[in-house]
Amino acid sequence: MKKLIGMILFVSITVNAQFPACHFQWGDETCGLTFDDTNLTAEVKAVIRDDVGLIFSRIPTNVSTYIITNDVRYTAGLTGINGLLYYPENFAFGTYKNINGFRCFDIETDVSSKYLEAIALTNRHKVAVATVPTFLTQLESMRPGITTTNAYVHCFWMMKEERVFTLTDFGRHPEWITEGIATAKDKFFFRPSILDFSERTAGENVYLCFYTYMMSRTDRSQYKGMAFTYAQGAWRFFNPME
């Protein structure tokens, strides 16, 4: 019995050792991460790993392909061949190395530096960041007859005037409210990467914001970029061009 247990442990350790030290799942595939910055702590690497996993979860494997790159350091790159391939502006991923049969995406020093800045930013706004998933789920759950007009209108923020929208702000287009509620069930929002967060100043106040995409559940070619800000204790749409 002792000999059998020892064999099982040996096999288990051998199999696990084949995985990259830092890895995440993309569909059915296990992918690894390598880091150019050797001074990153294990905690920071774990945050980056989880965030990279989130970013890749936005990209269905059946609408992506690997192509050869011009960079001799890497085997190939990742590109979208159908619909939206979205990842944060500060995250220049897409190239990987083959290591022990695994695709290992490289996190270059400038990318990990952006991650360090993003970790510091989101740590300053932990309460707001923690409520994002619930907020987006609530938007996706809006339904006619359940979601009130006021509830929808109050999801919008006038950054220039630092106030919540009112019915008057919709002017001659009150139908936009009913249309927004009616079509919510057909849309979903990408959950933001920590690299999607930023701060914006209006008046004397600093607002936490993030940018993401709203996409059709049935047609990935139908999508729209959306900006949100945390104001008066809640997340709200806002116009980043204000």
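**Close-up views of a predicted model**

**View 1. Lys114 sits in helix H3, residues 109-124.** This is a predicted model, in which local features need pLDDT of at least 70, side-chain atom pairs count only at pLDDT 80 or more, and totals for chains, interfaces and linings use all residues. Residues are numbered from 1 along each chain as its sequence is written, and side-chain values use heavy atoms, with hydrogens and water left out. Helices (H or I, at least four residues) and strands (E, at least two) are DSSP runs, numbered from the N terminus. Lys114 is partly exposed, at a relative accessible area of 34%. Here buried means under 20% relative accessible area, exposed means over 50%, and partly exposed lies in between (1.4 Å probe, protein chains only). Lys114 and Ile194 are 80 residues apart in sequence. From C-alpha to C-alpha, Lys114 and Ile194 are 9.9 Å apart in space.

View 2. The whole structure was searched, and 0 disulfides were found. A disulfide is a pair of cysteine sulfur atoms within 2.5 Å. For Cys104, the closest cysteine sulfur belongs to Cys31. The two sulfurs are 8.1 Å apart, so they are too far for a bond. Cys104 is buried, with 2% relative accessibility. Cys209 is also buried. Its relative accessibility is 4%.

**View 3. The largest pocket holds about 750 Å³ of space.** Its lining has 25 residues, and those closest to the centre are Tyr152, Phe156, Lys224, Met226 and Phe237. On a 1 Å grid over the protein atoms alone, a cavity is a set of points where a 1.4 Å probe fits but cannot get out, and a pocket is an open set with protein on both sides within 12 Å along at least five of seven lines; lining residues have an atom within 4 Å of a point. Grid points are joined across faces, edges and corners, and a volume is the space filled by probe spheres set on the points. Helix H7 (175-182), strand S9 (187-189) and strand S12 (223-231) each give at least two residues to the lining of the largest pocket. S12 supplies the largest share, 4 residues. By class, this lining has 16 nonpolar, 4 polar and 5 charged residues. Ala, Val, Leu, Ile, Met, Phe, Trp, Tyr, Cys and Pro count as nonpolar, Asp, Glu, Lys and Arg as charged, and the others, Gly among them, as polar.

**View 4. The second largest pocket has a volume of about 280 Å³.** It is lined by 13 residues. Nearest its centre lie Val47, Ile119, Thr122, Asn123 and Ile194. Helix H2 (42-57), H3 and helix H4 (126-130) each contribute at least two lining residues. H2 gives the most, with 6 residues. The lining of the second largest pocket divides into 7 nonpolar, 2 polar and 4 charged residues. H3 is also the helix that holds Lys114.

**View 5. Arg103 and Glu29 form a salt bridge.** The closest N and O atoms of this pair are 2.6 Å apart. The bridge links distant parts of the chain, with Arg103 in strand S6 (residues 102-107) and Glu29 in strand S2 (residues 29-35), 74 residues apart. A salt bridge is a side-chain nitrogen of Lys or Arg within 4 Å of a carboxyl oxygen of Asp or Glu. Arg103 is partly exposed, at 24% relative accessible area. Glu29 is partly exposed too, at 21%. The structure holds 9 salt bridges.

**View 6. Glu161, Arg163 and Asp169 are linked in a network of salt bridges.** Within it, Glu161 pairs with Arg163, and their closest N and O atoms are 2.6 Å apart. Glu161 is partly exposed, at 46% relative accessibility. Arg163 is partly exposed, with a relative accessible area of 25%.

**View 7. Asp186 meets Lys185 in a salt bridge.** The N to O distance is 3.9 Å. Asp186 counts as partly exposed, at 36% relative accessibility. Lys185 is partly exposed as well, at 41%.

**View 8. Thr147 lies in the loop between helix H5 (132-140) and helix H6 (149-153).** Thr147 is buried, at 16% relative accessibility. Leaving out residues up to four places away in sequence, Thr147 touches Met142, Tyr152 and Ile181. Contact means heavy atoms within 4.5 Å. Tyr152 is also one of the residues closest to the centre of the largest pocket.
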